[in-house]
Amino acid sequence: MIIKNVELETVCGITSKLPDNQLCEIAFAGKSNVGKSSLINGLVNRKALARTSSQPGKTQTINFYNVNKELYFVDLPGYGYANVSLKVKEQWGKMIERYLHESQVLKAVFLLIDIRHEPSANDVNMYQWILANGYEPIIIATKADKIKRSQLQKHIKMIKTELNVVPGTKVLTFSALTKQGKDEILDLIEEIVEE
Ligand code: GTP
Ligand code: MG
C-alpha cells in the first residue's frame, strides 16, 4: 500500500460523539508508551503527525487519521498508565471500549506489545476481546531495535506463550527507528482493506 496523503480528521475526547465514518478503520491498541503513535507516523512517513512522548499517557483522545481517502488509522490512548487517577483511567478505558463496540466500520484492531516485555493482564484482555469479537488477531511487537536480531524469535515466542495465542495469530515486528517491518504491516493493511 502506498500512502499518498494523510490528515488528522477527527479528535474525540471522553464526552465526544464518535464519528460516523464511511471508510473502514484500523485501530492501534496497546499499553501506554508501547509505540502506537510512533507506528502510525512510521507507516505514513511523517515524523510528528501523531504526537509521541517518552512519557506514557501522551495520547489522551481517539484520533482518526484519514489515509488516502481510503481508510482511517485510529490512534487510541494507551491503557495501563499508572500515573493518572483511577477516575481518569476508568474514563479512558470506557472511551476506548465505547469506540471498539460502537464503530460500524472497524475492520481490525492491531494489538501492540513491546517486544522486550511480557504482555500485561490488560494485553491479554485486549487479545481476548479481539478474538471474542471475531476480528483477525494481529499483534505488532514494537521497538524491535531494542533487542538483538538473534533474540527476536525468542521474544516473539514469549509473547505468543504469555498471550496464549490461537493458531493463525499473526505476530509482526516493527521498529520506528529502523522502520523494519513497515512494508509487511502496510501489505497486511492493504489485504485487510481489500477483503
Ligand atoms: P501513549 O500515547 O502514551 O499511549 O503512547 P504510544 O503508545 O502512542 O507511544 P509513543 O508512540 O508516544 O512512543 C512512546 C515512546 O517510545 C517515545 O519516546 C518513542 O520515541 C519511543 N518509541 C516508539 N517506538 C519506538 C521504536 O520502535 N523504537 C524505539 N527505540 N523507541 C520507540
Ligand atoms: Mg500515543
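Reader: How many C-beta neighbours does Asn68 have inside 10 Å, and what does Asn68 count as?

Author: Asn68 counts as partly exposed, because there are 14 C-beta neighbours inside 10 Å. The general idea is a count with C-beta atoms placed from the backbone: 20 or more other C-beta atoms within 10 Å of a residue's own make it buried, 12 or fewer make it exposed, and anything in between is partly exposed. One caution before we go on: this is a predicted model, in which local features need pLDDT of at least 70 and side-chain atom pairs count only at pLDDT 80 or more, while totals for chains, interfaces and linings use all residues. Residues are numbered from 1 along each chain as its sequence is written, and chains are lettered from A and ligands numbered from 1 in the order in which they are written.

Reader: Where does Asn68 lie, and what is its phi?

Author: Helices (H or I, at least four residues) and strands (E, at least two) are DSSP runs, numbered from the N terminus. Asn68 lies in the loop between strand 3 and strand 4 (71-75). Its phi is positive, near 55 degrees, in a residue other than glycine. Asn164 also has a positive phi, of about 55 degrees, although it is not a glycine. You will find Asn164 in the loop between helix 4 and strand 7 (170-173). With 11 C-beta neighbours inside 10 Å, Asn164 counts as exposed.

Reader: Which residues of helix 2 are buried?

Author: Trp92, Met95 and Tyr99 are buried. They cover an arc of only 60 degrees around the axis, so they sit on the same side of helix 2; the arc is that of the directions from the helix axis to the C-beta atoms. On the face turned away from that side, helix 2 carries exposed residues, including Lys87, Glu90, Lys94 and Glu97. The buried residues pack against strand 3 (62-67), where contact means C-beta atoms, placed from the backbone, within 7 Å.

Reader: Which residues of helix 3 are buried, and what covers them?

Author: In helix 3 the buried ones are Asp123, Met126, Tyr127 and Ile130. Their arc is only 100 degrees around the axis, which puts them on the same side of helix 3. Ala121, Asn125 and Ala132 are exposed on the other side. The cover over the buried residues includes strand 2 (24-30), strand 5 (106-114) and helix 4 (152-163). After helix 3 comes Gly134, whose phi is positive, near 80 degrees.

Reader: Which residues touch the most other members in the largest nonpolar core?

Author: In soluble globular proteins, nonpolar side chains tend to be buried together. A nonpolar core here is a set of buried Ala, Val, Leu, Ile, Met, Phe, Trp, Tyr and Cys residues joined through C-beta atoms within 7 Å. The largest one has 43 residues, and Phe28, Val74, Phe110, Leu111 and Leu112 touch the most other members. Strand 5 gives the most to this core, with six residues. Leaving aside neighbours within four places in sequence, Phe28 is in contact with residues including Leu39, Ile40, Phe73, Phe110 and Leu112.

Reader: Where is Phe73 found, and what does Phe73 touch?

Author: Phe73 is found in strand 4. It is buried, because 25 other C-beta atoms lie within 10 Å. Not counting residues up to four places away in sequence, Phe73 touches Ile26, Phe28, Ile40, Tyr65 and Val67.

Reader: Last one: which residues come nearest to ligand 1?

Author: The rule is that a residue is near a molecule or strand if its C-beta atom, placed from the backbone, lies within 6 Å of it. There are 24 residues around ligand 1, and Gly35, Ser38, Thr52, Thr59 and Gly78 come nearest. Helix 1 (residues 36-44) gives the most to this shell, with three residues. For classes, Ala, Val, Leu, Ile, Met, Phe, Trp, Tyr, Cys and Pro count as nonpolar, Asp, Glu, Lys and Arg as charged, and the others, Gly among them, as polar. On that basis the shell around ligand 1 has five nonpolar, 14 polar and five charged residues.

Conventions:
Contact = placed C-beta atoms within 7 Å.
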